[in-house]
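Please examine the following model and its sequence.

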Amino acid sequence: MTRTGADLFLDALGQYGVTKFFGNPGTTELPVVHAISETDLDYVLGLHEDVAVGMAAGYASTRRQHADADPGVLPLGVVNLHVAPGLAHGLGNLYGAKFSGAPVLVTAGNYATDFQHEEPILHGDIESMARQFTKWSAEVKHVDALPTMVRRAVRVALTPPTGPVFLGLPVDVMTAETDAEPERLGAIQNAGAGDPAQVEAAVEAVVGAEEPAFVYGDAIARAGTDAVENATRLAEVSGARVHGEFIISEVNMPTGHDQWVSSLGGDAEEVAGLLGSADVLLLAGRSTDTTAFGQAADRLPQDATLVHVSDDAWQVGKNEPADVAVVGDPGLVLGAMADAVAERLDDVERERRLERVREAKRRVASEPEEPGSGPATKAQLARSLHSASGHSLIVNEGVTAGGALRREVPFEPEGHLANKSGGLGYGLPAAVGAAIAEAEAGGDRDVLGLVGDGSYLYYPQTIYSAVRHGIDLTVVVANNANYRILKDNTLWLLGGTEDDYEFTGMDFDPPVDLVRNAESHGATARRVEAATDVTEAIREGVAETGPVVVDVAIRD
C-alpha cells in the first residue's frame, strides 16, 4: 500500500490509540492538516501555539488517569505547530509539560530538506529549539525513517519518567510516497522494583527511626492509583508524618488523611522548622526542591538520614546526598517497603510516632476565616471551590491562591492537577485539555480551572477553543488585579515593607473586564464581588453547560 508520509504518520498515531490532535496550522503543516480530514482524528484548534501545547499537556495528564483504570487508553497528547516561530511560541508550555511529566508528542512542520539551506522565511533549527525541554528531539529526514521515529517518540514520551518529545516533519517527507507500514508500539515498561539491597536499607532506616518524616512528590501519582495507595499504606504502617514537595501538582496521598501535614512552601526557614526534628527523611517521587531563593539542601535537616526513591535517576542525590538511593517505580518500591515495615514495626512504636504527627498537625493548623461583606480571601475562595465542586477535577494555576487551595481542600487521588513549572500560561489551556479528556472518557466528573487574573490574561483566547469544541468547563479566576507573587517576592528579596515600593509593572490599572473578554469568545461569564456569593456562583457555573468563567474579586 502506497501512501504519503502524512498519511503514514497519522495512520501510526491512529493504530497506537491517538484520538485528538491539537494544533495551530501553518503552510508547512498543510500536508498533515489536510490528511487529518481523511482520518478519525479530531483536530482541536488553539488560537496560539502555546495554547495548543498546554491543551495537549492537560489532556495527556488526564488521559494518564483514565489509562490507570483502562489499559486500552493511550495517555498521549499530540500537537502540531508551525515551523520555528510557532514552535518558539509553544516553548513556554512545552517547558510546563516537561516539569509536569506530561507525555506529549510535539511536532512542527519544516521546509523541504533540500531547501532548508537557503534559510527561508520562518526558518530555524527547530530540533535544537525543542531539545532542552524534551526527553528526545529529532527531525525526520526521510519518509522511510518515519515509522521507526514515530514509534520511538511515542515510547520515549510514555516511558517513566514520562515527558514531552519533539519531531520535526519536513514538508517533502510528509508529501513523499512510501510503502512503509506503521510499526507496532510494543509494551511500555515501568521503572522496575529497585535495587533490593537499597530497598532493604530504606526499610531499615524507616523502622529504626526516632521520628521519620516523608516528603511525597508527583512521580507517585504519575505511577497510578496503586502507587498512591502504597504510599499511603507505607505512611500508615510507619507512623510517619507526610508533607508534599514544593510546587506539588498531583495528589500523591489523600490530603485529608490524618497523617498528611502540609505541602512544603518556598521559605527555607519555615521548611527547616517543619522538617528539622526528623532523623530519617524519605523523599519519594520528588523532583527538584530548589525554590527561587537558596538551595534545596538548606531546607533539609543536615544530620538526618536521607532516603531517595524515584523513577528518575537524575533526581536521586542531585541537590543533597542520598544516604539510601532507590531508582525504581515509586508504587512498586513503596509497596514493598510497606509490606516489610508492617512486619517489623510494633503497634506501640507506631502509636508513639502518630502522637508526634498529631503535634505537627496542630503546629501548622490555621484558624478558619469567617466570610465578610467584602471580597473573599484566598482561603475562603478555596473553601468555596471545594463546597461547590464536589467530585471534580481541579486544574490549578493560582500562584498565590493555589497555595490556599492546597491547604484548605482535602483532595482525593486524581482530584488535582497544577502547573508545576512556575511559569504562567499553562493552567487555563491545561484545564481545557483536561475537560476534553473527561468528555472523551464519557464520565460525569466536572472540571474546574482555578487561575489567577495574571495567568488568565496570558491566554484568554483559550476560552475560544473550549467554546468551539463544546467543552463543559468552569473557570474560576482569582482576581486581585495584580501580580501578587511578585510583590511578595520583592519584600522577600529586597526587604522592607510595601510602602517602600512602587511595584512597577505589577498592577492591572486600568483593570481588564474579564467578563466581557470571556463573553467575546462565546463563553458565559459573571463577576462576583462578595465572599458570601462565591460558592453559589461557582455552583451555578458547574451546573451550566459549556464554558463558564467566574471572575471572583479576592482580597490582596
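Is Tyr95 buried, partly exposed or exposed? Tyr95 is partly exposed because its relative accessible area is 31%, and the class follows from cut-offs: buried means under 20% relative accessible area, exposed over 50%, and partly exposed in between, with a 1.4 Å probe and protein chains only. This is a predicted model, in which local features need pLDDT of at least 70 and side-chain atom pairs count only at pLDDT 80 or more, while totals for chains, interfaces and linings use all residues. Residues are numbered from 1 along each chain as its sequence is written, and side-chain values use heavy atoms, with hydrogens and water left out.

Tyr95 belongs to helix α4, residues 83–100; helices (H or I, at least four residues) and strands (E, at least two) are DSSP runs numbered from the N terminus. Leaving aside residues up to four places away in sequence, Tyr95 touches Phe133 and Ser421, where contact means heavy atoms within 4.5 Å. Between the C-alpha atoms of Tyr95 and Leu234, which are 139 residues apart along the chain, the separation is 33 Å.

Helix α3 holds Arg64, which counts as buried because its relative accessibility is 12%. Not counting residues up to four places away in sequence, the contacts of Arg64 include Pro75, Thr162, Arg222 and Glu250. Two of these partners, Arg222 and Glu250, are themselves joined by a salt bridge at 3.9 Å, N to O. This pair links distant parts of the chain, with Arg222 in helix α9 (residues 219–222) and Glu250 in the loop between β10 (241–244) and β11 (260–263), 28 residues apart. Glu250 is buried at a relative accessible area of 6%, whereas Arg222 is partly exposed at 23% relative accessibility.

A salt bridge here is a side-chain nitrogen of Lys or Arg within 4 Å of a carboxyl oxygen of Asp or Glu. Side chains of opposite charge can pair when their charged atoms come close. The structure holds 35 salt bridges. Another of them joins the side chains of Arg526 and Glu544 at 2.5 Å, N to O. Here too distant parts of the chain are linked: Arg526 is in strand β19 (residues 524–528), and Glu544, 18 residues apart from it, is in the loop between α21 (534–543) and β20 (547–553). Glu544 is partly exposed, with 23% relative accessibility.

Within helix α21 lie both Glu536 and Arg539, 3 residues apart, about one turn of the helix. Their closest N and O atoms are 3.9 Å apart, and the two residues form a salt bridge. Glu536 is partly exposed at a relative accessible area of 41%, and Arg539 is partly exposed at 37%. Elsewhere, salt bridges that share partners join Lys20, Asp42, Arg63 and Glu440 into one network.

On a 1 Å grid over the protein atoms alone, a cavity is a set of points where a 1.4 Å probe fits but cannot get out, and a pocket is an open set with protein on both sides within 12 Å along at least five of seven lines; lining residues have an atom within 4 Å of a point. Grid points are joined across faces, edges and corners, and a volume is the space filled by probe spheres set on the points. The largest cavity has a volume of about 100 Å³. Of its 15 lining residues, Ser61, Leu417, Ala418, Tyr426 and Ala430 are the closest to the centre. Helix α3 provides the largest share of this lining, 4 residues.

The second largest pocket has a volume of about 200 Å³. Its lining consists of 14 residues, of which Gly390, His391, Ser392, Glu412 and Gly415 are the closest to its centre. At least two lining residues come from each of α14 (378–389) and β15 (392–397).

Some backbone features complete the account. Glu414 is not a glycine, yet has a positive phi of about 65 degrees; Glu414 lies in the loop between α15 (401–408) and β16. Ile247, also not a glycine, has a positive phi of about 55 degrees and is placed in the loop between β10 and β11. A cis peptide bond with omega of about -5 degrees joins Pro160 and Pro161, and the bond from Asp509 to Pro510 is cis, with omega near 10 degrees.
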